[in-house]
Amino acid sequence: MTHQTLDPAALRARLLRQRLRGAAATAPSDGITRAPRGGPLPLSFAQQRLWVLDQLSPGSTAYLMTAALRLSGPLDTGALRGALDALVARHEVLRTRYPVIGGDPVQVIDAPAPVDLAEEDLTGLDPQDRAGRLAALGTSGRQPVDLADGPVVRAVLARCAAEEHTLFVTVHHIAADGWSEDLLVRELTERLRQPAGPEPSAPALQYADFAVCSAHASARIGWRAASATGADGWRGRTAGTAHRPAASGGPGRHRGGRPVHRARRGRRPSLPAGA
């Protein structure tokens, strides 16, 4: 698959235009409706900013968010895979890619597919080396995410003992923030505790619906930069906006309305979840 590439200088100019336009933007009304699927969709303001930053630092892991779940007791890896797959099937933003089409990044929502779950056996390591490897899996050992090809979510299951495992779930910031990450962890742990429970229905509205609504609101109030061709065709946007639920959360902001900051270290809560 081939993708358009944009000049780094042009990308920096785009980001600067966003910042110069100010940090506040008028949020669309709460009357968000479901946008048609079946084709590319626009990015939200926050996603545009994170996409530009990703283009400026290709191969970087600075905008990855990692949650670590300590799983104690007998583990059914089949049930774990099923819980991860159900999570991604429920939330479109976890199976969305961001290729460039016509000079602009867009959202492409893929059909549900199995989550990439890698497994590592750390039982042969001494405690110090095991601790070092666990720390790396949540930080320096993470692999970059290709936003154009995806996936934006990955998982690693580290076996520490016969009945002791640590699950690392890594999501790119373009798909989640701190609030929605907490929700995803909660949904996953609940599913692990009750693997035979009823399948929760998908949210009626997804993050893509908010992104489309915000793009339409932007067009109505005339926040579009004059376009030329290629990299100069970027539509200027404000850098910040209120976010709406993606996985009942959204990228670009943390809980409490605080703007997102680069996170170079993984988030490692200790959350026991027996399967």
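Me: Before we start on this predicted model, what counts as a contact?
Reply: Contact here means heavy atoms within 4.5 Å, and the model we are looking at is a predicted one.

Me: Good, so which residues is A204 in contact with, leaving aside its neighbours within four places in sequence?
Reply: With those neighbours left aside, A204 is in contact with R34 and D209. R34 lies 170 residues from A204 along the chain, and the C-alpha atoms of the two are separated by 7.7 Å.

Me: Where does A204 sit, and is it buried or exposed?
Reply: A204 is placed in the loop that runs between α5 (178-193) and α6 (207-220). Its relative accessible area is 65%, and because exposed means over 50%, A204 is classed as exposed.

Me: Switching to α5 itself, how does α3 pack against it?
Reply: Helix α3, residues 77-90, packs with α5 at an angle of about 140°, and the axes of the two are 9 Å apart.

Me: Roughly antiparallel or oblique, then?
Reply: Oblique, because the roughly antiparallel class takes angles over 145 degrees and the angle here is about 140°. The crossing of α3 and α5 is right-handed.

Me: Which residues meet there?
Reply: From α3 the residues are A79, L80, A83, L84, L87 and R90, and they meet L184, E187, L188, R191 and L192 of α5. Sorted by class, this contact has 8 nonpolar residues and 3 charged ones, with no polar residues.

Me: And α4, which residues are buried there?
Reply: In α4 the buried residues are R130, L134, A136 and L137. Looking down the axis of α4, the buried residues fall within an arc of 160°, so they line one face of the helix.

Me: What covers them?
Reply: The cover over the buried residues of α4 includes the strands β6 (117-121), β7 and β8 (164-172).

Me: Where is the cis peptide bond?
Reply: The cis peptide bond joins G150 and P151, with omega at about -5°, and P151 belongs to the loop between α4 (127-137) and β7 (153-161).

Me: Stepping back, how many helices and strands are there, and in what pattern?
Reply: The protein has 6 helices and 8 strands, and along the sequence they follow the pattern α-α-β-α-β-β-β-β-β-α-β-β-α-α.

Me: What about burial and contacts for the whole protein?
Reply: Of the 275 residues in the protein, 50% are buried. Taking contacts between residues at least 6 apart in sequence, 80% join residues at least 24 apart.

Definitions and conventions. Residues are numbered from 1 along each chain as its sequence is written. This is a predicted model: local features need pLDDT of at least 70, side-chain atom pairs count only at pLDDT 80 or more; totals for chains, interfaces and linings use all residues. Side-chain values use heavy atoms; hydrogens and water are left out. Helices (H or I, at least four residues) and strands (E, at least two) are DSSP runs, numbered from the N terminus. Buried means under 20% relative accessible area, exposed over 50%, partly exposed in between (1.4 Å probe, protein chains only). Axes are lines fitted to C-alpha atoms, for helices over the stretch in contact, and angles run from 0 to 180 degrees between N-to-C directions. Angles under 35 degrees count as roughly parallel, over 145 as roughly antiparallel, 65 to 115 as roughly perpendicular and the rest as oblique. A crossing is left-handed if the near helix is turned anticlockwise from the far one by less than a right angle, and right-handed if clockwise. Ala, Val, Leu, Ile, Met, Phe, Trp, Tyr, Cys and Pro count as nonpolar, Asp, Glu, Lys and Arg as charged, and the others, Gly among them, as polar. The arc is that of the directions from the helix axis to the C-beta atoms.
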